[in-house]
Amino acid sequence: MIELVLAQACIGCDKCIDACPTDVFDRGPDGIPQIARQSDCQTCFMCEAYCPTDALYVWPESTPLQDRSVLLDAEVGSYRAELGWGNGRTPGSRLAVGPSIPHGSLPPRLTVDELSS
Ligand code: SF4
Ligand code: SF4
């Protein structure tokens with residue numbers, strides 16, 4: 001569930017407002033988004049993924065935090081970092097574990113026997 005907008009990191013680009021499928025944010029008078037309808041949050045992480053300045057933190061549970069002091073240690077923007085989105089980052093898909101896919105070839109498929117075993 002969305003828990004934190006780090007005002008000092010926010011540049012007021014509205015990307016989180018646009019990305020949110022359930023209209024959780026309102027644009028504040030200072031341009032900083034406000035968490036206006038937290039209970040509508042679907043914990044989809046899209047706002048955090050799209051925030052270009054790593055200014056958002058989505059708590060991975062779908063219920064609100066009871067103890068907000070844990071946010072002092074929150075890894076704000078860590079989901080986006082894990083995806084590898086943002087300047088100087090390696091896309092997470094390049095770091096994923098799995099068989100390498102030969103360039104120009106179809107991805108490897110499991111056989112029927114492998115599926116049933
Ligand atoms: S986690 Fe998803 S539903 Fe929740 S505020 Fe962010 S974009 Fe909206
Ligand atoms: S996406 Fe990030 S920088 Fe842009 S308005 Fe939202 S919190 Fe601020």
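This is a predicted model: local features need pLDDT of at least 70, side-chain atom pairs count only at pLDDT 80 or more; totals for chains, interfaces and linings use all residues.
Which residues of the largest nonpolar core touch the most other members?

1. Residues are numbered from 1 along each chain as its sequence is written, and chains are lettered from A and ligands numbered from 1 in the order in which they are written.

2. The largest nonpolar core has 15 residues, and Ile-2, Cys-16, Cys-47, Leu-56 and Val-58 touch the most other members. Such a core is a set of buried Ala, Val, Leu, Ile, Met, Phe, Trp, Tyr and Cys residues joined through C-beta atoms within 7 Å. Strand 1 (2-5) and strand 4 each give two or more residues to this core, and strand 4 supplies the largest share, three residues.

3. Cys-47 is in contact (C-beta atoms, placed from the backbone, within 7 Å) with Ile-2, Cys-16, Ala-19, Cys-20, Leu-56 and Val-58, leaving aside its neighbours within four places in sequence.

4. Ligand 1 is surrounded by 14 residues, the closest being Ile-2, Cys-20, Cys-41, Cys-44 and Cys-47. A residue is near a molecule if its C-beta atom, placed from the backbone, lies within 6 Å of it. This shell has eleven nonpolar, three polar and no charged residues. Here Ala, Val, Leu, Ile, Met, Phe, Trp, Tyr, Cys and Pro count as nonpolar, Asp, Glu, Lys and Arg as charged, and the others, Gly among them, as polar.

5. Around ligand 2 there are 15 residues, with Cys-10, Cys-13, Lys-15, Cys-16 and Cys-51 the closest. By class they divide into eleven nonpolar, two polar and two charged.

6. The protein has five helices and four strands, in the order β-α-β-β-α-β-α-α-α from the N terminus. Helices (H or I, at least four residues) and strands (E, at least two) are DSSP runs, numbered from the N terminus. The radius of gyration is 18 Å, well over the 13 Å that the globule rule gives for 117 residues, so the protein is more spread out than a compact globule. The radius is taken over C-alpha atoms, and the rule is 2.2 Å times the number of residues to the power 0.38. The C-alpha trace spans about 60 × 30 × 25 Å along its principal axes.

7. Buried residues make up 16% of the 117 residues. A residue is buried if 20 or more other C-beta atoms lie within 10 Å of its own, exposed if 12 or fewer, and partly exposed in between, with C-beta atoms placed from the backbone. Val-70, in the loop between strand 4 (56-58) and helix 3 (78-83), is exposed because it has 11 other C-beta atoms within 10 Å.

Key. Two residues are in contact if their C-beta atoms, placed from the backbone, lie within 7 Å.
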